[in-house]
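The sequence and structure come first.

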Amino acid sequence: MRVFSVENVIEEFEELTKDVRSVQVETLKRILEENREAEYLQKLGLGGRTDPESFRACVPLVTHPDLESYIQRIADGESSPILTGKPVTSISLSSGTTQGKPKYVPFNEFLMQDTMQIYRTSFAFRNKEFPIGNGKGLQFIYSSKQVRTSGGLIATTATTNVYRSEQFKRTMKDMQSQSCSPDEVIFGRDFGQSLYCHLLCGLLSCNEVQLVVSTFAHSIVHAFRTFEQVWEELCTDIREGVLSSKITDPSMRAAVSKLLHPNPELADSIHNKCKGLSNWFGVIPALWPNAKYVYGIMTGSMEPYLKKLRHYAGSLPLLSADYGSSEGWIGANVNPKLPPEEATFAVLPDIGYFEFIPLTKDSEEQDLERNASTTRYSEYEPVGLADVKLGKEYELILTNYAGLYRYRLGDVVRVAGFHNTTPELQFVCRRSLVLTLNIDKNTERDLQQAVEEASKLVEAEKLEVLDFSSCVDRSSEPGHYVIFWELSGEARDDVLRCCSDCLDRAFVDAGYMSSRRVKSIAPLELRLVRKGTFRKVLDHYLSQGAALSQFKTPRFVGPANVKVLQILCDNVVASYFSTAYD
(Lines give C-alpha, C1' and ligand atoms only; values in the text may rest on other atoms or scores of the structure.)
Protein backbone atom coordinates (compact mmCIF):
# COMPACT_ATOMS: atom_id res chain seq x y z
CA MET A 1 0.00 0.00 0.00
CA ARG A 2 1.27 3.45 -0.90
CA VAL A 3 1.69 5.89 1.97
CA PHE A 4 -0.77 8.77 1.92
CA SER A 5 0.89 11.90 3.27
CA VAL A 6 -1.57 14.34 4.82
CA GLU A 7 1.24 16.87 5.17
CA ASN A 8 2.22 16.71 1.51
CA VAL A 9 -1.36 17.13 0.27
CA ILE A 10 -1.97 20.11 2.56
CA GLU A 11 1.35 21.64 1.53
CA GLU A 12 0.39 21.29 -2.16
CA PHE A 13 -2.97 22.91 -1.50
CA GLU A 14 -1.39 25.80 0.39
CA GLU A 15 0.95 26.44 -2.53
CA LEU A 16 -1.88 26.14 -5.05
CA THR A 17 -4.00 28.76 -3.28
CA LYS A 18 -1.33 31.44 -2.76
CA ASP A 19 -2.01 33.18 -6.09
CA VAL A 20 -5.30 32.01 -7.59
CA ARG A 21 -5.30 34.72 -10.26
CA SER A 22 -2.19 33.26 -11.89
CA VAL A 23 -3.41 29.69 -11.43
CA GLN A 24 -6.75 30.55 -13.06
CA VAL A 25 -5.07 32.15 -16.09
CA GLU A 26 -2.93 29.05 -16.52
CA THR A 27 -5.87 26.69 -15.98
CA LEU A 28 -7.97 28.44 -18.63
CA LYS A 29 -5.03 28.30 -21.02
CA ARG A 30 -4.66 24.54 -20.50
CA ILE A 31 -8.40 23.92 -20.96
CA LEU A 32 -8.53 25.89 -24.21
CA GLU A 33 -5.31 24.37 -25.57
CA GLU A 34 -6.50 20.87 -24.70
CA ASN A 35 -9.79 21.49 -26.52
CA ARG A 36 -8.66 23.85 -29.29
CA GLU A 37 -9.92 21.46 -31.97
CA ALA A 38 -13.44 21.39 -30.54
CA GLU A 39 -16.08 22.50 -33.02
CA TYR A 40 -17.91 24.50 -30.36
CA LEU A 41 -14.87 26.66 -29.58
CA GLN A 42 -13.77 27.05 -33.19
CA LYS A 43 -17.16 28.48 -34.17
CA LEU A 44 -16.82 31.21 -31.54
CA GLY A 45 -13.78 32.83 -33.13
CA LEU A 46 -11.20 32.51 -30.37
CA GLY A 47 -8.54 31.93 -33.00
CA GLY A 48 -6.17 30.22 -30.61
CA ARG A 49 -6.36 32.94 -27.95
CA THR A 50 -6.44 31.65 -24.37
CA ASP A 51 -6.46 34.81 -22.25
CA PRO A 52 -9.50 35.46 -19.97
CA GLU A 53 -10.43 38.71 -21.72
CA SER A 54 -10.73 37.09 -25.17
CA PHE A 55 -12.48 34.08 -23.69
CA ARG A 56 -15.17 36.20 -22.04
CA ALA A 57 -15.60 38.36 -25.13
CA CYS A 58 -16.07 35.41 -27.51
CA VAL A 59 -17.75 32.70 -25.44
CA PRO A 60 -21.35 33.24 -24.28
CA LEU A 61 -22.84 32.20 -20.96
CA VAL A 62 -24.86 29.01 -21.40
CA THR A 63 -27.18 26.63 -19.60
CA HIS A 64 -27.71 22.93 -20.31
CA PRO A 65 -30.38 23.38 -23.02
CA ASP A 66 -27.85 25.41 -25.06
CA LEU A 67 -25.55 22.39 -25.18
CA GLU A 68 -28.06 19.55 -25.53
CA SER A 69 -27.72 19.23 -29.31
CA TYR A 70 -23.92 19.02 -29.04
CA ILE A 71 -24.06 16.43 -26.24
CA GLN A 72 -26.65 14.40 -28.14
CA ARG A 73 -24.36 14.21 -31.16
CA ILE A 74 -21.61 12.87 -28.89
CA ALA A 75 -24.04 10.32 -27.43
CA ASP A 76 -25.06 9.34 -30.97
CA GLY A 77 -21.48 8.38 -31.72
CA GLU A 78 -20.01 11.26 -33.74
CA SER A 79 -16.24 10.87 -33.52
CA SER A 80 -15.27 14.41 -34.52
CA PRO A 81 -14.18 16.83 -31.77
CA ILE A 82 -17.45 18.51 -30.80
CA LEU A 83 -17.06 19.91 -27.27
CA THR A 84 -13.63 18.52 -26.43
CA GLY A 85 -10.42 17.91 -28.33
CA LYS A 86 -10.25 14.24 -27.39
CA PRO A 87 -13.28 11.94 -27.63
CA VAL A 88 -15.65 11.83 -24.68
CA THR A 89 -15.48 8.29 -23.33
CA SER A 90 -18.64 8.17 -21.24
CA ILE A 91 -21.71 10.16 -20.28
CA SER A 92 -22.81 11.08 -16.78
CA LEU A 93 -26.50 11.23 -15.95
CA SER A 94 -27.75 13.78 -13.46
CA SER A 95 -30.11 12.48 -10.76
CA GLY A 96 -33.15 13.74 -12.71
CA THR A 97 -35.03 14.62 -9.53
CA THR A 98 -35.33 18.30 -10.46
CA GLN A 99 -36.73 18.12 -13.98
CA GLY A 100 -38.15 14.60 -13.89
CA LYS A 101 -35.60 13.19 -16.31
CA PRO A 102 -31.79 12.97 -16.12
CA LYS A 103 -29.52 15.23 -18.14
CA TYR A 104 -26.62 13.98 -20.24
CA VAL A 105 -23.30 15.49 -19.15
CA PRO A 106 -19.89 14.69 -20.75
CA PHE A 107 -17.50 12.74 -18.51
CA ASN A 108 -13.81 12.15 -19.18
CA GLU A 109 -10.54 11.29 -17.49
CA PHE A 110 -9.97 14.91 -16.46
CA LEU A 111 -13.11 14.85 -14.32
CA MET A 112 -11.92 11.62 -12.73
CA GLN A 113 -8.62 13.25 -11.85
CA ASP A 114 -10.48 16.26 -10.41
CA THR A 115 -12.59 13.93 -8.29
CA MET A 116 -9.54 12.22 -6.82
CA GLN A 117 -7.88 15.59 -6.15
CA ILE A 118 -10.96 16.79 -4.28
CA TYR A 119 -11.13 13.53 -2.30
CA ARG A 120 -7.46 13.69 -1.33
CA THR A 121 -7.59 17.37 -0.38
CA SER A 122 -10.65 17.17 1.85
CA PHE A 123 -9.43 13.90 3.40
CA ALA A 124 -6.09 15.50 4.30
CA PHE A 125 -7.75 18.36 6.17
CA ARG A 126 -10.33 16.01 7.68
CA ASN A 127 -7.72 13.54 8.84
CA LYS A 128 -5.72 16.30 10.44
CA GLU A 129 -8.68 17.09 12.71
CA PHE A 130 -10.24 13.61 12.97
CA PRO A 131 -7.44 11.10 12.35
CA ILE A 132 -8.48 7.58 11.43
CA GLY A 133 -6.44 4.44 11.75
CA ASN A 134 -5.97 1.62 9.29
CA GLY A 135 -9.60 0.62 9.16
CA LYS A 136 -12.61 0.55 6.90
CA GLY A 137 -15.53 2.73 5.94
CA LEU A 138 -19.17 1.76 6.25
CA GLN A 139 -19.96 3.22 2.85
CA PHE A 140 -23.54 3.31 1.63
CA ILE A 141 -22.57 3.66 -2.01
CA TYR A 142 -24.38 2.18 -4.96
CA SER A 143 -23.90 1.82 -8.66
CA SER A 144 -26.72 2.60 -11.05
CA LYS A 145 -27.77 0.95 -14.27
CA GLN A 146 -25.28 1.39 -17.08
CA VAL A 147 -26.84 1.84 -20.49
CA ARG A 148 -25.33 2.27 -23.93
CA THR A 149 -26.21 5.34 -25.94
CA SER A 150 -27.03 4.91 -29.63
CA GLY A 151 -23.38 5.71 -30.31
CA GLY A 152 -22.08 3.03 -27.93
CA LEU A 153 -21.00 5.25 -25.01
CA ILE A 154 -21.69 4.12 -21.45
CA ALA A 155 -24.25 6.41 -19.79
CA THR A 156 -24.59 6.19 -16.03
CA THR A 157 -24.56 8.42 -12.97
CA ALA A 158 -21.46 10.46 -12.17
CA THR A 159 -20.95 8.48 -8.95
CA THR A 160 -21.02 5.19 -10.85
CA ASN A 161 -18.44 6.53 -13.31
CA VAL A 162 -16.25 7.18 -10.27
CA TYR A 163 -16.94 3.92 -8.38
CA ARG A 164 -16.13 1.70 -11.36
CA SER A 165 -12.71 3.34 -11.74
CA GLU A 166 -9.57 1.58 -10.57
CA GLN A 167 -8.25 5.02 -9.67
CA PHE A 168 -11.06 5.42 -7.11
CA LYS A 169 -10.26 2.06 -5.51
CA ARG A 170 -6.55 2.92 -5.28
CA THR A 171 -7.28 6.30 -3.75
CA MET A 172 -9.63 4.83 -1.14
CA LYS A 173 -7.00 2.24 -0.26
CA ASP A 174 -4.32 4.92 0.06
CA MET A 175 -6.58 6.90 2.37
CA GLN A 176 -7.39 3.81 4.48
CA SER A 177 -11.06 4.29 3.59
CA GLN A 178 -11.90 1.04 1.82
CA SER A 179 -15.49 -0.10 1.92
CA CYS A 180 -16.57 -2.93 4.20
CA SER A 181 -18.58 -4.27 1.30
CA PRO A 182 -17.26 -6.17 -1.72
CA ASP A 183 -17.77 -4.76 -5.21
CA GLU A 184 -20.62 -7.20 -5.82
CA VAL A 185 -22.66 -5.28 -3.21
CA ILE A 186 -21.80 -1.82 -4.55
CA PHE A 187 -22.59 -2.87 -8.12
CA GLY A 188 -25.56 -5.05 -7.27
CA ARG A 189 -28.65 -4.90 -9.45
CA ASP A 190 -31.14 -4.51 -6.60
CA PHE A 191 -30.74 -1.53 -4.27
CA GLY A 192 -32.72 -3.10 -1.44
CA GLN A 193 -30.44 -6.15 -1.45
CA SER A 194 -27.34 -3.96 -1.67
CA LEU A 195 -28.45 -1.88 1.32
CA TYR A 196 -29.13 -4.99 3.41
CA CYS A 197 -25.69 -6.36 2.56
CA HIS A 198 -24.00 -3.02 3.28
CA LEU A 199 -25.49 -3.12 6.77
CA LEU A 200 -24.50 -6.76 7.25
CA CYS A 201 -20.92 -6.22 6.06
CA GLY A 202 -20.69 -3.17 8.32
CA LEU A 203 -21.77 -5.22 11.34
CA LEU A 204 -19.28 -7.98 10.50
CA SER A 205 -16.53 -5.32 10.52
CA CYS A 206 -17.99 -3.38 13.45
CA ASN A 207 -14.66 -2.91 15.25
CA GLU A 208 -12.77 -1.91 12.10
CA VAL A 209 -15.16 0.78 10.88
CA GLN A 210 -13.59 4.23 11.21
CA LEU A 211 -16.19 6.32 9.35
CA VAL A 212 -19.76 6.11 8.06
CA VAL A 213 -20.17 7.56 4.58
CA SER A 214 -22.57 8.13 1.72
CA THR A 215 -22.80 10.64 -1.09
CA PHE A 216 -25.84 12.33 0.46
CA ALA A 217 -27.15 12.57 4.02
CA HIS A 218 -30.48 11.19 2.77
CA SER A 219 -28.84 7.85 1.93
CA ILE A 220 -27.49 7.44 5.46
CA VAL A 221 -30.85 8.31 7.03
CA HIS A 222 -32.56 5.89 4.64
CA ALA A 223 -30.07 3.17 5.59
CA PHE A 224 -30.74 3.47 9.30
CA ARG A 225 -34.49 3.75 8.90
CA THR A 226 -34.15 0.44 7.05
CA PHE A 227 -31.91 -0.91 9.81
CA GLU A 228 -34.70 -0.30 12.32
CA GLN A 229 -36.83 -2.74 10.33
CA VAL A 230 -34.28 -5.48 9.58
CA TRP A 231 -31.85 -5.51 12.51
CA GLU A 232 -33.20 -8.73 14.00
CA GLU A 233 -32.92 -10.50 10.65
CA LEU A 234 -29.33 -9.28 10.37
CA CYS A 235 -28.60 -10.71 13.83
CA THR A 236 -30.02 -14.06 12.71
CA ASP A 237 -27.74 -14.08 9.65
CA ILE A 238 -24.70 -13.41 11.86
CA ARG A 239 -25.74 -15.92 14.51
CA GLU A 240 -26.31 -18.75 12.02
CA GLY A 241 -23.71 -17.77 9.46
CA VAL A 242 -26.26 -17.99 6.64
CA LEU A 243 -27.31 -15.07 4.47
CA SER A 244 -31.01 -14.20 4.36
CA SER A 245 -32.94 -15.88 1.56
CA LYS A 246 -34.13 -12.47 0.35
CA ILE A 247 -30.66 -11.87 -1.11
CA THR A 248 -31.19 -13.50 -4.49
CA ASP A 249 -28.56 -11.71 -6.62
CA PRO A 250 -26.16 -14.64 -7.29
CA SER A 251 -22.89 -12.71 -7.34
CA MET A 252 -23.84 -10.60 -4.31
CA ARG A 253 -24.97 -13.66 -2.39
CA ALA A 254 -21.74 -15.53 -3.16
CA ALA A 255 -19.49 -12.61 -2.22
CA VAL A 256 -21.22 -11.83 1.10
CA SER A 257 -21.60 -15.50 2.05
CA LYS A 258 -17.80 -15.81 1.98
CA LEU A 259 -17.65 -13.26 4.82
CA LEU A 260 -20.18 -15.09 6.99
CA HIS A 261 -19.62 -17.80 9.54
CA PRO A 262 -21.67 -18.61 12.65
CA ASN A 263 -20.93 -15.96 15.29
CA PRO A 264 -23.52 -16.09 18.08
CA GLU A 265 -21.35 -13.93 20.34
CA LEU A 266 -21.36 -11.01 17.86
CA ALA A 267 -25.06 -11.48 17.16
CA ASP A 268 -25.90 -11.37 20.87
CA SER A 269 -23.75 -8.27 21.34
CA ILE A 270 -25.53 -6.43 18.50
CA HIS A 271 -28.92 -7.59 19.75
CA ASN A 272 -28.29 -6.39 23.29
CA LYS A 273 -26.96 -3.02 22.13
CA CYS A 274 -29.99 -2.46 19.91
CA LYS A 275 -32.37 -3.41 22.71
CA GLY A 276 -30.60 -0.96 25.00
CA LEU A 277 -31.10 2.05 22.72
CA SER A 278 -33.79 4.64 23.28
CA ASN A 279 -35.65 5.14 19.99
CA TRP A 280 -32.41 4.34 18.11
CA PHE A 281 -30.61 7.41 19.44
CA GLY A 282 -26.86 6.99 18.96
CA VAL A 283 -27.15 3.69 17.08
CA ILE A 284 -24.06 4.45 14.97
CA PRO A 285 -21.51 4.87 17.82
CA ALA A 286 -23.20 2.07 19.76
CA LEU A 287 -22.64 -0.49 17.00
CA TRP A 288 -19.47 0.98 15.49
CA PRO A 289 -17.52 2.13 18.56
CA ASN A 290 -14.39 3.15 16.63
CA ALA A 291 -16.17 5.36 14.11
CA LYS A 292 -14.80 8.91 14.19
CA TYR A 293 -17.47 10.74 12.18
CA VAL A 294 -20.36 10.57 9.71
CA TYR A 295 -19.61 12.01 6.27
CA GLY A 296 -21.68 13.03 3.26
CA ILE A 297 -23.14 16.02 1.44
CA MET A 298 -25.30 17.73 4.05
CA THR A 299 -25.95 21.18 2.59
CA GLY A 300 -28.80 22.49 0.43
CA SER A 301 -31.58 19.96 -0.06
CA MET A 302 -29.92 17.62 2.46
CA GLU A 303 -30.37 19.96 5.44
CA PRO A 304 -33.87 18.62 6.30
CA TYR A 305 -32.29 15.23 7.09
CA LEU A 306 -29.72 16.59 9.56
CA LYS A 307 -31.94 16.35 12.62
CA LYS A 308 -32.61 12.65 12.04
CA LEU A 309 -28.98 12.03 11.13
CA ARG A 310 -27.84 13.64 14.39
CA HIS A 311 -30.29 11.38 16.21
CA TYR A 312 -28.66 8.28 14.73
CA ALA A 313 -25.10 9.68 15.09
CA GLY A 314 -25.43 10.61 18.75
CA SER A 315 -22.12 12.09 19.88
CA LEU A 316 -20.36 11.56 16.55
CA PRO A 317 -19.64 14.72 14.54
CA LEU A 318 -21.34 15.23 11.18
CA LEU A 319 -18.89 16.35 8.48
CA SER A 320 -20.16 17.81 5.26
CA ALA A 321 -18.60 16.48 2.07
CA ASP A 322 -17.32 18.57 -0.82
CA TYR A 323 -19.06 20.90 -3.26
CA GLY A 324 -19.73 19.70 -6.76
CA SER A 325 -22.38 18.52 -9.19
CA SER A 326 -22.80 16.11 -12.07
CA GLU A 327 -21.18 18.79 -14.26
CA GLY A 328 -17.99 19.02 -12.20
CA TRP A 329 -16.31 19.86 -8.91
CA ILE A 330 -15.88 23.28 -7.33
CA GLY A 331 -14.41 23.10 -3.84
CA ALA A 332 -13.26 21.00 -0.91
CA ASN A 333 -14.28 21.23 2.73
CA VAL A 334 -11.03 22.28 4.39
CA ASN A 335 -12.77 23.38 7.61
CA PRO A 336 -14.26 20.05 8.69
CA LYS A 337 -14.99 21.16 12.26
CA LEU A 338 -17.70 23.55 11.09
CA PRO A 339 -21.24 22.17 11.53
CA PRO A 340 -22.93 21.27 8.23
CA GLU A 341 -25.20 24.32 8.36
CA GLU A 342 -22.08 26.54 8.31
CA ALA A 343 -19.94 24.43 5.96
CA THR A 344 -17.65 26.24 3.54
CA PHE A 345 -15.83 24.96 0.48
CA ALA A 346 -12.46 26.25 -0.68
CA VAL A 347 -12.33 26.48 -4.47
CA LEU A 348 -9.58 24.42 -6.10
CA PRO A 349 -8.29 26.88 -8.70
CA ASP A 350 -6.69 24.33 -11.02
CA ILE A 351 -9.65 22.01 -11.66
CA GLY A 352 -11.65 24.53 -13.70
CA TYR A 353 -12.00 28.16 -14.64
CA PHE A 354 -14.52 29.87 -12.40
CA GLU A 355 -16.53 33.04 -12.85
CA PHE A 356 -19.14 34.62 -10.63
CA ILE A 357 -22.15 36.74 -11.53
CA PRO A 358 -22.55 39.37 -8.77
CA LEU A 359 -26.09 39.35 -7.45
CA THR A 360 -27.64 42.35 -5.69
CA LYS A 361 -31.17 42.97 -4.51
CA ASP A 362 -33.40 45.11 -6.67
CA SER A 363 -33.46 48.60 -5.18
CA GLU A 364 -37.16 48.59 -4.32
CA GLU A 365 -36.61 45.54 -2.12
CA GLN A 366 -33.64 46.76 -0.11
CA ASP A 367 -35.74 47.55 2.95
CA LEU A 368 -37.58 44.24 3.05
CA GLU A 369 -36.42 41.44 5.28
CA ARG A 370 -35.50 38.78 2.74
CA ASN A 371 -33.15 35.89 2.25
CA ALA A 372 -31.17 34.98 -0.85
CA SER A 373 -33.72 32.55 -2.19
CA THR A 374 -36.67 34.98 -2.11
CA THR A 375 -34.76 37.96 -3.42
CA ARG A 376 -35.22 39.27 -6.96
CA TYR A 377 -31.71 39.86 -8.19
CA SER A 378 -30.09 42.34 -10.50
CA GLU A 379 -27.15 40.82 -12.39
CA TYR A 380 -23.82 42.40 -13.21
CA GLU A 381 -20.90 41.38 -15.41
CA PRO A 382 -19.21 38.19 -14.17
CA VAL A 383 -15.99 38.53 -12.18
CA GLY A 384 -13.11 36.10 -11.79
CA LEU A 385 -12.21 33.87 -8.86
CA ALA A 386 -9.63 36.38 -7.64
CA ASP A 387 -12.11 39.27 -7.68
CA VAL A 388 -14.98 38.07 -5.50
CA LYS A 389 -15.73 40.04 -2.33
CA LEU A 390 -16.24 38.83 1.22
CA GLY A 391 -19.90 38.53 2.19
CA LYS A 392 -21.22 39.02 -1.34
CA GLU A 393 -23.48 36.58 -3.18
CA TYR A 394 -22.91 35.26 -6.69
CA GLU A 395 -24.18 32.81 -9.24
CA LEU A 396 -21.46 30.33 -10.17
CA ILE A 397 -20.17 29.82 -13.73
CA LEU A 398 -18.03 26.78 -14.58
CA THR A 399 -15.57 26.09 -17.39
CA ASN A 400 -13.91 22.68 -17.27
CA TYR A 401 -11.90 20.14 -19.26
CA ALA A 402 -14.98 18.08 -20.14
CA GLY A 403 -16.51 20.49 -22.63
CA LEU A 404 -18.50 22.92 -20.50
CA TYR A 405 -17.61 26.56 -21.21
CA ARG A 406 -19.07 29.42 -19.16
CA TYR A 407 -21.77 27.05 -17.92
CA ARG A 408 -24.27 28.52 -15.46
CA LEU A 409 -24.69 26.00 -12.66
CA GLY A 410 -27.68 27.86 -11.20
CA ASP A 411 -26.23 27.84 -7.67
CA VAL A 412 -26.20 30.93 -5.48
CA VAL A 413 -23.13 31.02 -3.24
CA ARG A 414 -21.86 33.43 -0.61
CA VAL A 415 -18.19 34.23 -0.05
CA ALA A 416 -17.73 33.32 3.62
CA GLY A 417 -13.96 33.80 3.79
CA PHE A 418 -10.69 33.03 2.08
CA HIS A 419 -8.08 30.30 2.36
CA ASN A 420 -4.97 32.17 1.30
CA THR A 421 -6.35 33.81 -1.86
CA THR A 422 -8.99 31.26 -2.84
CA PRO A 423 -12.55 31.98 -1.70
CA GLU A 424 -14.39 29.74 0.73
CA LEU A 425 -17.94 29.45 -0.53
CA GLN A 426 -21.16 28.74 1.33
CA PHE A 427 -23.95 27.19 -0.67
CA VAL A 428 -27.04 29.42 -0.36
CA CYS A 429 -29.65 27.93 -2.67
CA ARG A 430 -30.53 26.89 -6.18
CA ARG A 431 -31.45 29.98 -8.12
CA SER A 432 -34.24 28.39 -10.11
CA LEU A 433 -37.75 29.04 -8.86
CA VAL A 434 -39.71 26.25 -7.25
CA LEU A 435 -43.12 27.56 -6.34
CA THR A 436 -44.62 30.35 -8.40
CA LEU A 437 -48.11 31.15 -9.71
CA ASN A 438 -47.88 34.79 -10.75
CA ILE A 439 -45.76 37.47 -9.04
CA ASP A 440 -44.79 35.17 -6.16
CA LYS A 441 -41.30 33.66 -6.16
CA ASN A 442 -40.29 30.95 -3.71
CA THR A 443 -37.42 28.48 -3.99
CA GLU A 444 -36.37 25.25 -2.36
CA ARG A 445 -34.82 27.13 0.55
CA ASP A 446 -38.09 28.98 1.23
CA LEU A 447 -40.03 25.72 1.11
CA GLN A 448 -37.49 24.08 3.40
CA GLN A 449 -37.74 26.87 5.96
CA ALA A 450 -41.54 26.79 5.87
CA VAL A 451 -41.57 23.04 6.49
CA GLU A 452 -39.04 23.39 9.32
CA GLU A 453 -41.27 25.96 11.03
CA ALA A 454 -44.49 23.99 10.63
CA SER A 455 -42.89 20.66 11.58
CA LYS A 456 -42.30 22.00 15.10
CA LEU A 457 -46.04 21.60 15.67
CA VAL A 458 -45.99 17.86 14.95
CA GLU A 459 -42.72 17.40 16.84
CA ALA A 460 -44.56 18.64 19.92
CA GLU A 461 -46.82 15.61 19.39
CA LYS A 462 -43.79 13.27 19.27
CA LEU A 463 -44.07 12.89 15.49
CA GLU A 464 -41.75 13.79 12.65
CA VAL A 465 -42.02 14.79 9.02
CA LEU A 466 -40.29 11.90 7.25
CA ASP A 467 -40.16 13.64 3.87
CA PHE A 468 -41.92 16.33 1.87
CA SER A 469 -42.47 17.76 -1.58
CA SER A 470 -44.65 20.35 -3.27
CA CYS A 471 -46.45 21.39 -6.44
CA VAL A 472 -48.69 24.16 -7.66
CA ASP A 473 -52.33 23.32 -8.39
CA ARG A 474 -53.82 25.27 -11.29
CA SER A 475 -56.84 23.01 -11.74
CA SER A 476 -59.08 25.83 -10.51
CA GLU A 477 -58.76 29.60 -10.38
CA PRO A 478 -56.98 31.02 -8.54
CA GLY A 479 -54.24 28.44 -8.20
CA HIS A 480 -52.64 27.47 -4.90
CA TYR A 481 -49.57 25.84 -3.35
CA VAL A 482 -49.75 22.16 -2.36
CA ILE A 483 -47.36 20.69 0.22
CA PHE A 484 -47.09 16.90 0.55
CA TRP A 485 -46.06 15.49 3.94
CA GLU A 486 -45.29 11.95 5.03
CA LEU A 487 -45.47 11.64 8.82
CA SER A 488 -44.07 9.00 11.18
CA GLY A 489 -47.51 8.47 12.73
CA GLU A 490 -51.05 9.85 12.97
CA ALA A 491 -51.55 13.46 14.03
CA ARG A 492 -54.75 15.12 15.24
CA ASP A 493 -56.79 17.12 12.74
CA ASP A 494 -56.52 20.31 14.78
CA VAL A 495 -52.71 20.05 14.78
CA LEU A 496 -52.62 19.52 11.02
CA ARG A 497 -54.92 22.47 10.40
CA CYS A 498 -52.51 24.59 12.41
CA CYS A 499 -49.66 23.17 10.31
CA SER A 500 -51.33 24.26 7.07
CA ASP A 501 -51.81 27.77 8.50
CA CYS A 502 -48.18 27.86 9.65
CA LEU A 503 -46.90 26.75 6.24
CA ASP A 504 -48.97 29.45 4.53
CA ARG A 505 -47.67 32.20 6.82
CA ALA A 506 -44.08 30.97 6.55
CA PHE A 507 -43.78 31.97 2.88
CA VAL A 508 -42.68 35.57 3.39
CA ASP A 509 -42.03 36.48 -0.22
CA ALA A 510 -43.66 39.89 -0.77
CA GLY A 511 -45.33 38.75 -3.99
CA TYR A 512 -46.83 35.72 -2.27
CA MET A 513 -48.10 37.58 0.78
CA SER A 514 -49.69 40.35 -1.25
CA SER A 515 -51.29 37.81 -3.62
CA ARG A 516 -52.73 35.86 -0.70
CA ARG A 517 -54.15 39.04 0.87
CA VAL A 518 -56.00 40.01 -2.33
CA LYS A 519 -56.95 36.35 -2.96
CA SER A 520 -55.19 36.09 -6.32
CA ILE A 521 -53.55 32.96 -4.83
CA ALA A 522 -55.90 30.54 -3.06
CA PRO A 523 -55.21 29.05 0.40
CA LEU A 524 -52.26 26.68 0.70
CA GLU A 525 -53.17 22.99 0.91
CA LEU A 526 -51.36 20.48 3.10
CA ARG A 527 -51.81 16.93 1.78
CA LEU A 528 -50.83 13.98 3.96
CA VAL A 529 -49.64 10.90 2.11
CA ARG A 530 -49.63 7.38 3.47
CA LYS A 531 -46.47 5.94 4.96
CA GLY A 532 -44.10 4.57 2.34
CA THR A 533 -45.15 7.01 -0.38
CA PHE A 534 -41.74 8.63 -0.71
CA ARG A 535 -40.20 5.16 -0.90
CA LYS A 536 -42.40 4.65 -3.98
CA VAL A 537 -41.02 7.90 -5.39
CA LEU A 538 -37.49 6.61 -4.74
CA ASP A 539 -38.32 3.27 -6.38
CA HIS A 540 -39.62 5.10 -9.44
CA TYR A 541 -36.33 6.96 -9.88
CA LEU A 542 -34.32 3.81 -9.29
CA SER A 543 -36.33 2.07 -12.00
CA GLN A 544 -35.33 4.90 -14.35
CA GLY A 545 -31.63 4.23 -13.72
CA ALA A 546 -30.89 6.63 -10.85
CA ALA A 547 -28.51 5.54 -8.07
CA LEU A 548 -29.66 5.48 -4.46
CA SER A 549 -26.49 7.29 -3.38
CA GLN A 550 -27.27 10.10 -5.83
CA PHE A 551 -30.99 10.37 -5.11
CA LYS A 552 -32.50 13.62 -3.88
CA THR A 553 -36.20 13.83 -3.08
CA PRO A 554 -37.74 16.29 -5.57
CA ARG A 555 -38.89 19.22 -3.47
CA PHE A 556 -41.01 20.55 -6.31
CA VAL A 557 -42.88 18.36 -8.79
CA GLY A 558 -43.60 20.17 -12.02
CA PRO A 559 -46.39 19.28 -14.46
CA ALA A 560 -43.94 17.44 -16.73
CA ASN A 561 -43.05 15.06 -13.89
CA VAL A 562 -46.31 13.17 -14.39
CA LYS A 563 -45.40 9.85 -12.78
CA VAL A 564 -44.11 11.31 -9.50
CA LEU A 565 -47.10 13.65 -9.25
CA GLN A 566 -49.36 10.64 -9.79
CA ILE A 567 -47.60 8.65 -7.04
CA LEU A 568 -48.03 11.52 -4.57
CA CYS A 569 -51.65 12.27 -5.47
CA ASP A 570 -52.69 8.60 -5.50
CA ASN A 571 -51.44 8.20 -1.92
CA VAL A 572 -53.08 11.23 -0.31
CA VAL A 573 -55.03 10.23 2.79
CA ALA A 574 -56.11 13.67 4.03
CA SER A 575 -55.84 17.33 3.09
CA TYR A 576 -56.08 20.59 5.03
CA PHE A 577 -56.55 24.08 3.61
CA SER A 578 -55.04 27.08 5.32
CA THR A 579 -57.19 29.73 6.95
CA ALA A 580 -54.19 31.97 7.66
CA TYR A 581 -55.40 34.83 5.45
CA ASP A 582 -59.17 34.49 6.12
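The secondary structure of the protein comes to 20 helices and 22 strands, where helices (H or I, at least four residues) and strands (E, at least two) are DSSP runs numbered from the N terminus. The radius of gyration, taken over C-alpha atoms, is 24 Å, close to the 25 Å that the globule rule gives for 582 residues, so the protein is as compact as a globular protein of that length. The globule rule is 2.2 Å times the number of residues to the power 0.38.

This is a predicted model, in which local features need pLDDT of at least 70 and side-chain atom pairs count only at pLDDT 80 or more, while totals for chains, interfaces and linings use all residues. Residues are numbered from 1 along each chain as its sequence is written, and side-chain values use heavy atoms, with hydrogens and water left out.

The C-alpha trace spans about 70 × 70 × 45 Å along its principal axes. Of the 582 residues, 58% count as buried, meaning under 20% relative accessible area, with exposed over 50% and partly exposed in between (1.4 Å probe, protein chains only). Among contacts (heavy atoms within 4.5 Å) between residues at least 6 apart in sequence, 71% join residues at least 24 apart.

Helix α1 (residues 6-16) packs against helix α6 (residues 109-129) at an angle of about 115 degrees, with the axes 9 Å apart. That makes α1 roughly perpendicular to α6, a class that runs from 65 to 115 degrees. Axes are lines fitted to C-alpha atoms, for helices over the stretch in contact, and angles run from 0 to 180 degrees between N-to-C directions. On the α1 side, Val6, Val9, Ile10, Phe13, Glu14 and Leu16 meet α6 residues including Arg120, Ala124 and Phe125. The residues of this contact divide into seven nonpolar, three polar and three charged; Ala, Val, Leu, Ile, Met, Phe, Trp, Tyr, Cys and Pro count as nonpolar, Asp, Glu, Lys and Arg as charged, and the others, Gly among them, as polar.

Most residues other than glycine have a negative phi, and most peptide bonds are trans.

| Residue | Phi | Relative accessible area |
|---|---|---|
| Trp280 | about 70 degrees | 14%, buried |
| Lys519 | near 65 degrees | 53%, exposed |

Trp280 lies in the loop between α13 (264-275) and α14 (283-287), and Lys519 in the loop between α18 (510-517) and β21 (525-529). The peptide bond from Glu477 to Pro478 is cis, with omega near -5 degrees.

Technical notes
Parallel < 35°, antiparallel > 145°, perpendicular 65-115°, else oblique.
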